[in-house]
Amino acid sequence: ETFSNASRASMAASGSGAGSHERRNWLVHILYVRREHDACLAVIEEALAEARGLAEYPLYVKALILRQRGAVAESLTLFQAAACLNPQNVCNLKQVGRSLYLLGRHRAALEVYDELLRLSERDWEVWHNRGLCRVYLKQYDEAIEDLMRAKSLERHDATFLQLGAIHALRDNFRAAAETYLEALEHSPGSAELLTAAGLAYLRLGENDKALELLDASLARDPTDPRTVLAAGSLIQDKPDPDGALLSYRVAAVWAPNSAPLWSNIGMCFYRKERYVAAIACLKRAFFLDPFAWIISFNLGLVHLCTGQAPRDRADLGYISASGPSPCHPTPGSATSCSLAQGSRKHMLSQPPSDLTPAQPDSAYPRPSRSLWCTDAAHSLM
């Protein structure tokens, strides 16, 4: 995130006679790229003291360090000071916009990027970040236009991922899948793009294509929990609980606190009729994400299968008020089923054979409507 070589050279040349603090810029740069931040800050303070706070590059690097340490508001002040010293340096304005974006001040950041476009219209990064600001302002059509402009200037995976995420946000999974496939044409080895494309096809119901892409992603990054969980849900859907459990063992190492993972594991044990283990896993999932209605629903089904009608009614009743969307079966109907089962003291002897796991969709900025099912995890958060 430091200045380009040309920017540093121009700064040094313009300030060669300003004082000895300009001659410290090379040392500031070296210490920063080595991540020796404490030593770098010490040199910066000396340079700023000599220049009475009017040294552009030390201010810039100090702001970068503070932002990396979480002091975003303080970094914004320093970036603005550097921009005042050199208003024509686009690096300063880019970082001002970035800090405003991180602070959630998206309209102010948008104004900065509009100013940047007047200075550098063919900078893909400006168009990309401008599109991100529009996403948070829910100006989706304008965001797509900005990201398409960024893509036309330079092809970067980040731009394609954001474009696909916007399409998915609008439930246009076909457009999202096509965007990811276009990105894979020039970046075929990207595990992140392969996973995103696989999840898009998963939401389209094209499981064979999804599994092909997810397998390709796992060949490049076999430890990505999101990819492993998505592939495991497809294996679980066959149904092959033993094969799914092997996949989930990998994901559990890298994401031990994933509620969807433990919900899927629990429903694998449910298929194997190991109800005690299923309840234990589902309770852990519920502890990790108590507001996920599908976990309570799965837990209620297992209690129903084991004849624990009182516990079943409690689990299913918990989601009656905050259950799934209208396109899903209502939790209230499941609760009624529980009451009827309890009154007849009837217990299911076999797990249902048509239960299918939900597919995760964590590739998108927010979870969209979860696929209705009773035998696995909800959408990944």
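Helices (H or I, at least four residues) and strands (E, at least two) are DSSP runs, numbered from the N terminus. Welcome to a predicted model, in which local features need pLDDT of at least 70, side-chain atom pairs count only at pLDDT 80 or more, and totals for chains, interfaces and linings use all residues. Residues are numbered from 1 along each chain as its sequence is written, and side-chain values use heavy atoms, with hydrogens and water left out.

**View 1. Glu273 in the loop between α16 and α17.** This loop runs between α16 (259-271) and α17 (275-288). Glu273 has a phi near 65°, a positive value in a residue other than glycine. Its relative accessible area is 39%, so Glu273 is partly exposed (buried means under 20% relative accessible area, exposed over 50%, partly exposed in between, with a 1.4 Å probe and protein chains only).

**View 2. Asp171 in the loop between α10 and α11.** Here the loop joins α10 (157-169) and α11 (173-186). Asp171 is not a glycine, yet its phi is positive, near 60°. Asp171 counts as partly exposed because its relative accessibility is 41%.

**View 3. Tyr101 and Tyr136, an edge-to-face pair.** The structure holds 3 aromatic pairs. Rings of Phe, Tyr and Trp (its six-membered ring) pair if their centres lie within 6.5 Å; planes under 30 degrees apart count as stacked, over 60 as edge-to-face and the rest as tilted. Tyr101 counts as buried, at 15% relative accessibility, while Tyr136 counts as exposed, at 52%.

**View 4. Tyr270 and Tyr275, a tilted pair.** These two rings lie 6.0 Å centre to centre, with 55° between the planes. Tyr270 is buried, at 1% relative accessibility, and Tyr275 is buried with a relative accessible area of 17%.

**View 5. Lys209 over the ring of Tyr201.** The charged end of Lys209 is 5.9 Å from the centre of the Tyr201 ring. A charge sits over a ring if NZ of Lys or CZ of Arg is within 6 Å of the ring centre and within 35 degrees of the ring normal.

**View 6. Trp254 at the surface.** Look for Trp254 in helix α15 (residues 241-254). With a relative accessible area of 53%, Trp254 is exposed.
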